[in-house]
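The sequence and the structure are shown first, and the description follows.

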Amino acid sequence: MFEALRALPADPILKLMVQCRNDPNPLKVDLGVGVYKNEQGHTPIMAAVREAEQKMLSSQTSKVYIGPAGSELFNHHIAGLLLGYDHPTIKDNRLVSAQTPGGCGALRVAAELINRSAPSATMWVSDPTWANHVPTFSAAGLTTATYPYYDNAAKEIRFDSMLATLEEAKEGDIVLLHGCCHNPCGADLNQQQWQTIADLLLRKNLIPFIDIAYQGLGDGLDEDAYGLRLLANQLPEMIIASSCSKNFGLYRERTGAVMVISASADASKVTASNLMNVIRSNYSMPPAHGASIVETILDDSSLTQMWKQELNDVCVRINDMRARLSQQIAATGCQTDFSFIPKQKGMFSFLGVTPEQVHQLRDDYSIYMVDSSRISIAGLNPHNIDYVAEAISSVVK
Ligand code: PMP
């Protein structure tokens, strides 16, 4: 029965990871994969996570099922981190949350809910966007379209074109926005642009869908939630997909949350029943471990403090690497301007070099990045940054 299937090409990032792993050059640098790495090039377990796990080990008494919505305590704390603990949508019973298997699980569940409620709605995503968005939404049966977002030549957001395209969206369409730390381009909307978008969405009756996978890795936890909170305060309906993979370093524990804000408490009850039904018919219930870690941290003030400090260190290191890469390239006398890198946020930026130059960096210097020249900033560290800066400078001239 599987004769009808055709082999598919390997995922370019996974292929790149293997290539890098097999490269014997001791100077090799992996700027491909989107995971945080510390100064030693290692993806550590956060100390707060370790402590929480120890605490859980001695206190957990059962492995019984946790239900389609997952842990209530986890959902309470994630809503608090994203919206603020006393947000009116929480008090007014307009918010429904469910713990999901990672941010990917949240995106898929939300897409299925949208397809159930509004099958003819178009899901608008930024051009460019994270490589898994369109496949996830399409697999759930949604139609997608793109709005212009990043100008590769000018290294800035194509805001006017973005607005002009969204003017063409039809009532009830969904607009996917990256909450912070845009993946892949690192260029985020400023406060005024968020307000302009909010006005447009409200006027045209479009529904915002915020994907927030990097809260705390841009400017800080509250600062990174600015746009999301602004929309939640001004619009009647909204969808949020969040992830704890990066800000808690829980990648393989598959920990995330989907949240839906409805226009009224009554509507929210209906949304909740459908959301649970989508989950039940999909993976039934989320895994518990990662969410238990997160709620153990966020329910304990000293563990929360410890986690916030560690997350802040991550954020500072990323921003430091951004500044140093730009400075070091300039210090080589390079004529190409890379001063946009420190202005961008989070794990990624496009270097803005050609695919040929990407291949040259790989073949001649063992520096690995995807063909689009998206680099994972956390792959840089004090030991390799001069080498990377010189290599970039020599290929772009
Ligand atoms: N959205 C974006 C923009 C991402 O970059 C990621 C992770 N790479 C996710 C969602 C989902 O992450 P996960 O499923 O690992 O939590």
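In what order do the seven strands of the open sheet stand? The order is S2-S10-S9-S8-S7-S3-S4, and the pairing is mixed. The model described here is a predicted one.

**The sheet and its helices**

Strand S2 (95–100) and strand S4 (143–148) stand at the edges; each has a single partner strand, so one side of each is left without a neighbour in the sheet. On average, neighbouring strands of this sheet are turned by 20 degrees against each other, direction ignored. Strands of a sheet pair through backbone hydrogen bonds, in either the parallel or the antiparallel sense. Strand S7 (residues 174–178) and strand S8 (residues 207–212) are paired in the parallel sense, over five bridges. Within this pair, Ile174 stands opposite Ile207 in S8.

Helix H5 (residues 102–117) packs on the sheet and touches S2, S7, S8, strand S9 (238–243) and strand S10 (256–261). The direction of H5 makes about 160 degrees with that of S9. Helix H10 (residues 226–234) also packs on the sheet, where it touches S7, S8, S9 and S10. The direction of H10 makes about 155 degrees with that of S8.

In soluble globular proteins, nonpolar side chains tend to be buried together. Here, the largest nonpolar core has 111 residues, and those with the most contacts inside it are Leu82, Ala110, Val175, Ile240 and Val258. Helix H13 (residues 301–331) contributes the largest share of this core, eight residues. If neighbours within four places in sequence are left aside, Leu82 is in contact with Ile212, Ala225, Leu228, Ile240 and Ser242.

**Backbone features**

Most residues other than glycine have a negative phi, and most peptide bonds are trans. The table lists departures from this pattern.

| Site | Feature | Value |
|---|---|---|
| Asp127 to Pro128 | cis peptide bond | omega near 5 degrees |
| Asn183 to Pro184 | cis peptide bond | omega about 20 degrees |
| Ser284 | positive phi | phi about 70 degrees |
| Ser373 | positive phi | phi near 75 degrees |

Pro128 is found in the loop between strand S3 (122–127) and helix H6 (133–139). Pro184 belongs to the loop between S7 and helix H8 (191–204). Ser284 lies in the loop between helix H11 (265–280) and helix H12 (289–298), and Ser373 in the loop between strand S12 (367–368) and strand S13 (374–376).

Is Ser373 buried or exposed? Ser373 counts as buried because it has 20 C-beta neighbours inside 10 Å. Ser284 is exposed, with 10 other C-beta atoms within 10 Å.

Arg6, in the segment before helix H1 (12–21), has 5 C-beta neighbours inside 10 Å and therefore counts as exposed. Arg6 and Val125 are 119 residues apart in sequence, and their C-alpha atoms are 28 Å apart in space.

**The protein as a whole**

The secondary structure comes to 15 helices and 13 strands. Along its principal axes, the C-alpha trace spans about 65 × 55 × 55 Å. A compact globule of 397 residues would have a radius of gyration near 21 Å, and the protein, with 21 Å, agrees with this. Buried residues make up 45% of the 397 residues. Among contacts with a separation of 6 or more, 76% are between residues 24 or more positions apart.

Methods: Residues are numbered from 1 along each chain as its sequence is written. This is a predicted model: local features need pLDDT of at least 70, side-chain atom pairs count only at pLDDT 80 or more; totals for chains, interfaces and linings use all residues. Two strands pair if DSSP finds at least two bridges between them. Helices (H or I, at least four residues) and strands (E, at least two) are DSSP runs, numbered from the N terminus. Axes are lines fitted to C-alpha atoms, for helices over the stretch in contact, and angles run from 0 to 180 degrees between N-to-C directions. Two residues are in contact if their C-beta atoms, placed from the backbone, lie within 7 Å. A nonpolar core is a set of buried Ala, Val, Leu, Ile, Met, Phe, Trp, Tyr and Cys residues joined through C-beta atoms within 7 Å. A residue is buried if 20 or more other C-beta atoms lie within 10 Å of its own, exposed if 12 or fewer, and partly exposed in between; C-beta atoms are placed from the backbone. The radius of gyration is taken over C-alpha atoms; the globule rule is 2.2 Å times the number of residues to the power 0.38.
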